[in-house]
Amino acid sequence: MTPPVRTPHYSDAPWWKDAIFYQVYPRSFSDANGDGVGDLRGVIDRLGYLELLGVDALWLSPVMRSPMADHGYDVSDPRDIDPLFGTLADMDELLAAAHAHRIRVTMDLVPNHTSDQHPWFRAALAAGPGSPERERYVFRDGRGPNGDEPPNNWPSIFGGPAWHRVTEPDGTPGQWYLHIFAPEQPDLNWQNEDVFQDLAATLRFWLDRGVDGFRIDVAHGMAKPPGLPDMDLANNQIMDNDENDLRFNNPGVHAIHRRIRQVMDEYPGRVTVGEIWVKDNDRFAEYIRPDELHLGFNFRLAEAEWDARAIREAIDNSLIAVESVNGIPTWTLSNHDVPREVTRFGGGELGVARARAMILVELALPGTVFLYNGSELGLPNVDLPDEVLQDPTWERSGHTERGRDGCRVPMPWQGTLPPYGFSTGTDTWLPMPDDWKDLTAEAELEDLDSTLTLYRTAIELRRMRPEFRGDAIEWYGAPRPGLLAFRRVGGRLTCVLNASEAPVELPGGEVVLSSAPLVDGMLPPNAACWLA
């Protein structure tokens, strides 16, 4: 049966203007070959589920060839598929099958660095100081006697120094190379023309195969300040960067994005989404000027605490961040780097109730929405035993930072025991909890009150109801503390969130959908609803 053609809300706007992207973390989504790690054929097998969910596009976390020192964000060949996930033929089949389901496919792109196993980096090590091969990366002589100290004081995002000293071809201690992330991820020198030309070849390689766009990893990175001066370490934290961090957001990055956009413009209808950890709104807006990125991830909503004032500030901030450049706002509550919303909002039944409420808030907002696989099932973070942790942050921090593995545990699909249909094998790359039988996709599809049913219903209403049209919101009156309400300007949908500890009366209108049953006509605590 051919899926029905969906009519976009805006006939003259890009398809991503109000699209719902679904992030597939491939190693944790679905395993078709039984090795305990998800793969591309597993994604193909689940396209019917994704169509049933109602999403418009997929964002595939890295599937390019990689030694997997950072789960694919260390790329050794950007124009091939890693055998862990399948083959180029599998990727071609996924693109064709997804498009047949009216689902677009975007891929992760990692331009800031390569793997230390990339042919370029191996050549750089063999060629020695001053060679053209080393000019593709950031090699420097060390400071102090005999160059024994790193070239500057920059730390790695994953912990420890951001420099690694190499042994030269003659066996002597030699230069240092920059790695903002793990030592296995040497930073590229974006002042070298070879670097851009290779990226342009990568872009065209995948676009020619039918990929619909890219999520650009560390889009605020790449450009480094002249002279690589020392940075202020007063506010430095592992897995974080502040506004004055010299490692990121150098003005030179915008020339790189303009060149990327020139290549993308050769392929109308394709999209770039930048990972931009920049909190200053004026500087954030620079990334989505008309000749740079199409979209920029704004993480304010994912960082907001369960507090009506904080959530409102996050929404206002995200809208203001794109206003000056007439950009499209983006919204997300979680991803592979961020603890799952159920856990962030308190865990257990309380966390689930609040996460259900927040998906109604997110889907009521104008702009592009990003969902992380498993959020639609109400999955929590998993407290994993030390011995199974794989995130490089765990080792690099001396076992003081547990890393991101807790939000990357594989998806439960069916059955009552691990691996819940994720794999035909018994062992999965991260262990799955024994108490997830009620959180499988199969169980929730059969439950009219499940989180998955709420997601499906909300996504369908968002697509079909005229109340969701309009590019702006207006806040509803002056609600009492703990309450938040806004209207879609033009569409007239009203969203009400009750983050207080008592039920609240609703303003007038038909209740279209609620994250929890009303109590005597009132919205209970930790709940949200839509009114039309």
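## Burial and basis of the model

A residue is called buried when its relative accessible area is under 20%, exposed when that area is over 50%, and partly exposed in between, with a 1.4 Å probe and protein chains only. Val218 counts as buried because its relative accessibility is 3%, whereas Asn244, at 65%, counts as exposed.

The model is predicted, so that local features need pLDDT of at least 70 and side-chain atom pairs count only at pLDDT 80 or more, while totals for chains, interfaces and linings use all residues. Residues are numbered from 1 along each chain as its sequence is written, and side-chain values use heavy atoms, with hydrogens and water left out.

## Domains

The domain assignment, whose bounds come from an automatic or database source, gives domain 1 as 20–113 + 193–223 + 236–458, domain 2 as 119–178 and domain 3 as 470–531. Taken over C-alpha atoms, the centres of domain 2 and domain 3 are separated by 56 Å.

Helices (H or I, at least four residues) and strands (E, at least two) are DSSP runs numbered from the N terminus, and two strands are said to pair if DSSP finds at least two bridges between them. In these terms, eight strands form an open sheet in the order 11-10-9-5-2-1-13-12, with parallel pairing. Its edge strands are strand 11 and strand 12 (330–332), each of which pairs on one side only, and the twist averages 25° from one strand to the next. Angles run from 0 to 180 degrees between N-to-C directions, the axes being lines fitted to C-alpha atoms, for helices over the stretch in contact.

Strand 1 (residues 20–24) pairs with strand 2 (residues 57–60) in the parallel sense over four bridges, and Phe21 stands opposite Ala57 in strand 2. Four bridges also join strand 1 to strand 13, again in parallel, with Tyr22 opposite Leu371 in strand 13. Strand 12 is joined to strand 13 by three bridges, and these two run parallel; here Trp331 stands opposite Val369.

## Strand 13 and the helix across it

Strand 13 is mostly covered, with five of its five residues buried. Thr368, Phe370 and Tyr372 point one way from the strand, Val369 and Leu371 point the other way, and all are buried. Helix 11 (residues 348–364) lies across strand 1, strand 12 and strand 13, running at about 150° to strand 13; contact here means heavy atoms within 4.5 Å.

## Aromatic pairs and charges over rings

Rings of Phe, Tyr and Trp (its six-membered ring) pair if their centres lie within 6.5 Å, and planes under 30 degrees apart count as stacked, over 60 as edge-to-face and the rest as tilted. By this rule there are 19 aromatic pairs. One of them, between Phe297 and Phe370, is tilted, at 4.4 Å centre to centre and 50° between the planes. This pair links distant parts of the chain, with Phe297 in strand 11 (residues 295–297) and Phe370 in strand 13 (residues 368–372), 73 residues apart. Both Phe297 and Phe370 are buried. Trp475 and Phe486 form an edge-to-face pair, 5.6 Å centre to centre with 80° between the planes. Trp475 lies in strand 14 (residues 472–475) and Phe486 in strand 15 (residues 483–489), so this pair ties together parts 11 residues apart in sequence. Trp475 is buried at a relative accessible area of 18%, and Phe486 is buried at 0%.

Ring pairs also link Trp15, Trp16, Phe21, Trp59, Trp277, Phe297, Phe299 and Phe370 into a cluster. A charge sits over a ring if NZ of Lys or CZ of Arg is within 6 Å of the ring centre and within 35 degrees of the ring normal. The charged end of Arg46 sits over the ring of Trp413, 4.0 Å from its centre, and Arg259 lies over the face of Phe196, at 3.9 Å from the ring centre.

## Backbone geometry in the loops

Most residues other than glycine have a negative phi, and most peptide bonds are trans. Val218, in the loop between strand 9 and helix 6, has a positive phi near 50°. Arg492, in the loop between strand 15 and strand 16 (494–498), has a positive phi of about 70° although it is not a glycine, and at 46% relative accessibility Arg492 counts as partly exposed.

The peptide bond from Pro418 to Pro419 is cis, with omega near 10°, and Pro419 is placed in the loop between helix 12 (392–396) and helix 13 (441–445). Asn244 is in the loop between strand 9 (213–216) and helix 6 (253–264).
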